[in-house]
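Please read the points below with the sequence and the model open. They go from the whole chain to single residues.

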Amino acid sequence: MIARIKGNILEKTPSAIIVETGGIGFEVLISGRTFEKIPETGALVELDIYTHVREDDLKLVGFFSKDEKEIFLKLLSVSGISIKIALSAITIYTFMELKGLITIKDVDMIKRIPGIGKKLAERIILELKDKFDEEDMMEGVLAGGGIKDEKLFEVRQALKTLGYNGREIDKALIKVKPEDIKDKKVEEILKTALKEV
């Protein structure tokens, strides 16, 4: 399986690029958001790759962002979601926007993605909401030494709501002193953490 590709861009369109590496040109499907970050033809590019293999088909999908790849794979795991629909989803919405829409069960906003009707939007919410809830719970456990540490858990959730990713949040919370967590209110701890992200 191809997991990453690095090479020169031979051709580029809003939906795909051709990357030459080792004398071979690989077609890599991309989202609109990835296209916006792709350099000009002839330039060097490096992308994370998802290799989609079927009996009579092999496709490469490229990503600059780990979060973009993560939400793409989650969407693709839902019955009825094709590569084309998943790429449309991450073109229209960011990782945090999609995660938020699924978490709050916003069927109407999810239906704005080309190829997704009401039933498919409801299926996406049904199949993915619990996965996101479980991940958030685990992140809270890892960051706070246990969910019983409610202050740190609340700060983490607040930072996630503001759009920070897990790595940024972990980096900020590591710098928060244990005595501050014990003695200060959630709002004060949040202010301290925001100075570190």
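**Notes on the predicted model**

1. The chain has an accessible surface of about 11,400 Å², and carbon and sulfur atoms account for 53% of that area. Accessible areas come from the Shrake-Rupley method with a 1.4 Å probe, and for residues only the protein chains shown count as cover. This is a predicted model, in which local features need pLDDT of at least 70 and side-chain atom pairs count only at pLDDT 80 or more, while totals for chains, interfaces and linings use all residues. Residues are numbered from 1 along each chain as its sequence is written, and side-chain values use heavy atoms, with hydrogens and water left out.

2. The chain has 197 residues, and 38% of them count as buried. Buried means under 20% relative accessible area, exposed over 50%, and partly exposed in between (1.4 Å probe, protein chains only). The secondary structure consists of 10 helices and five strands; these are DSSP runs numbered from the N terminus, with helices being H or I of at least four residues and strands E of at least two. Among contacts with a separation of 6 or more, 50% are between residues 24 or more positions apart. Contact means heavy atoms within 4.5 Å.

3. The largest nonpolar core has 32 residues, and those touching the most other members are F72, L75, I81, I110, I116 and I124. Two or more residues each come from β5, α2, α3, α4, α5 (107-110) and α6 (118-144). Another core lies apart from it, with 11 residues that include V19, V28, I30 and I38. A nonpolar core is a set of buried Ala, Val, Leu, Ile, Met, Phe, Trp, Tyr and Cys residues joined through side-chain atoms within 4.5 Å. In soluble globular proteins, nonpolar side chains tend to be buried together.

4. Helix α3 (residues 83-92) is mostly covered, with seven of its 10 residues buried. These are I83, I85, A86, L87, S88, A89 and I90. What do the buried residues of α3 pack against? Their partners are the strands β3 (24-29), β4 (44-54) and β5 (57-63), and the helices α1 (32-37), α2 (66-76) and α4 (95-103).

5. F72 counts as buried because its relative accessibility is 0%. Not counting residues up to four places away in sequence, F72 touches Y50, V61, F63, I83, A86, L87 and I90. Of these, I83, A86, L87 and I90 are also among the buried residues of α3.

6. The structure holds two aromatic pairs. In one of them, F63 and F72 are tilted, at 5.1 Å centre to centre with 55° between the planes. Rings of Phe, Tyr and Trp (its six-membered ring) pair if their centres lie within 6.5 Å; planes under 30 degrees apart count as stacked, over 60 as edge-to-face and the rest as tilted. F63 is buried, at 1% relative accessible area. Y50, F63 and F72 together form one aromatic cluster.

7. T51, in strand β4, counts as buried at 11% relative accessibility. A polar atom of the T51 side chain lies 2.7 Å from the backbone oxygen of I2. Apart from neighbours within four places in sequence, T51 is in contact with M1, I2, L58, K59 and L60.

8. N8 belongs to strand β1 (residues 4-12) and is partly exposed, with a relative accessible area of 34%. N8 contacts I18, V19, E20, G42, A43 and L44, leaving aside neighbours within four places in sequence. N8 and P39 are 31 residues apart in sequence, and their C-alpha atoms are 9.8 Å apart.

9. F95 lies in helix α4 and is buried, at 14% relative accessible area. Beyond residues up to four places away in sequence, F95 touches D67, E70 and I71.

10. K105 is not a glycine, yet has a positive phi of about 60°. K105 sits in the loop between α4 and α5 and is exposed, with a relative accessible area of 53%.11. In helix α10 (residues 186-194), the buried residues are I189, L190 and A193. They lie on the same side of α10 because they cover an arc of only 100° around the axis, the arc being that of the directions from the helix axis to the C-beta atoms. The exposed residues E187 and K191 are on the face of α10 turned away from its buried side.

Methods
A polar contact is a pair of N or O atoms within 3.5 Å; within protein, one must be able to donate a hydrogen and the other to accept it, and residues adjacent in sequence count only if both atoms are side-chain atoms.
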